[in-house]
Each structure stands twice: as structure tokens, then as C-alpha cells.
Amino acid sequence: MAVRRIEHGHYFEDFEVGHLFKHHWGRTITEGDNSFFSSVTMNFNPSYFNREYAQSLGYKNVVVNHMLVMNVVFGLSVEDLSERAIAHLGYEKMKWHETVYPGDTITSESMVLSKRDTSRPDRGVVKFRTTGYNQRGEKVLEYERPVLIRKRNPA
């Protein structure tokens, strides 16, 4: 029986500086997502689950946990950027912009900022800037991340 192999992700050679990836779908964050994520990560900031408290701080509703926002924005980028990654090398210049509330739909896009070879011929480092937006097109989060990625044809 023939098995069809579906290739996912990109190799180092596939990335071009300046290329903009508009990541698929987006994700609507619910109040349940927010409560569950905050609970399992043991983040008990009351603005994430207490509407009255959040409103007393000037928010219009419960605030979505900032780390959940980051994970959603990051997760939307994985298929395009890092499915062939050897290692994720961290986050840089992370900045939250607009507050995210339950019911907001998050989308993301990433630009290739740079790429460089390493001392090993089978891999290189690609740096991306990823930006998350809400359904109104407002920037909610932006960060950069370098990723160690396999080469298709190592020299």
C-alpha cells in the first residue's frame, strides 16, 4: 500500500529576508480558555478571572491572561516558521500593545528579519518578527524570535 507523505514546514533555504507570512485561521479566545489557562499555569491574577476586580482597575471586562495571548500568537506561527526547527532560541523585544478580552479573535503574521549560517553545515538561524492582532486589526503583541532550522541540502 502506497503511503502519501505530506511535507510540513520550511527549510532554512526557503526563507527570504523581508518575506511576510500571514498565518492561517486565527483563534477566538473564550472566557473558558482564559480561566482554564490561568488555573493550570497557577496564575491567579484576579484581573484574569474576576470581572469586578478588572473593572475596578479600569478594564471593561476580565482580561485575557497575557501569556495565553502570547501562546496563541506563537502557536499560529508554528506551521509556517518552525515545524522543521531544531531549536527555538528564545524571545526578544516582546511588547504587549492592546488589552485582549474574552471573545476577541487573534490573528498573526511574521516577517523574516534575517538569516545566517552556523558553524554546522546542516542548519542555520532565521530571525522572525511576529505580530498578533485582534479582530479590529489592532496590534496586541509583537516579538522577535531566532530559530535554528534544518537545511534541505547541507553543503
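The model is predicted, so local features need pLDDT of at least 70 and side-chain atom pairs count only at pLDDT 80 or more, while totals for chains, interfaces and linings use all residues. Residues are numbered from 1 along each chain as its sequence is written, and side-chain values use heavy atoms, with hydrogens and water left out.

To start with the fold, the protein chain comes to 3 helices and 7 strands, taken as DSSP runs numbered from the N terminus (helices: H or I, at least four residues; strands: E, at least two). In sequence order the pattern reads β-β-α-α-α-β-β-β-β-β. Along the principal axes, the C-alpha atoms fill a box of roughly 60 × 45 × 30 Å. Of the contacts with a separation of 6 or more, 72% are between residues 24 or more positions apart; a contact here means heavy atoms within 4.5 Å.

Buried residues make up 38% of the 155 in the protein chain, where buried means under 20% relative accessible area, exposed over 50%, and partly exposed in between (1.4 Å probe, protein chains only).

Now for the charges. The 21 positive and 19 negative charges have mean positions 4 Å apart. Lys and Arg count as positive and Asp and Glu as negative, with His and the chain ends not counted; the place of a charge is NZ of Lys, CZ of Arg, CG of Asp or CD of Glu.

The whole structure holds 13 salt bridges, each a side-chain nitrogen of Lys or Arg within 4 Å of a carboxyl oxygen of Asp or Glu. One of them pairs D14 with R152, with 2.9 Å between the closest N and O atoms. Because D14 sits in the segment before strand 1 (20-22) and R152 in the segment after strand 7 (139-150), this pair ties together parts that are 138 residues apart in sequence. D14 is partly exposed at 30% relative accessibility, and R152 is partly exposed at 38%.

Another salt bridge links R51 and E31 at 3.4 Å, N to O. R51 belongs to helix 2 (residues 51-56) and E31 to helix 1 (residues 31-40), so the pair ties together parts 20 residues apart in sequence. R51 is partly exposed, at 37%, and so is E31, at 35%.

R123 and D122 also form a salt bridge, their closest N and O atoms being 3.0 Å apart. Here R123 counts as buried at 15% relative accessibility, whereas D122 is partly exposed at 25%. Elsewhere, salt bridges with shared partners join E92, K93, K127, R129, K139, E142 and E144 into one network.

D80, in helix 3 (residues 66-81), has a different story: D80 is buried yet has no salt bridge, and the nearest side chain of opposite charge, R145, is 9.3 Å away. Leaving aside residues up to four places away in sequence, D80 touches H10, F15, F21, K22 and H23.

F49 is found in the loop between helix 1 and helix 2 and is partly exposed, with a relative accessible area of 43%.
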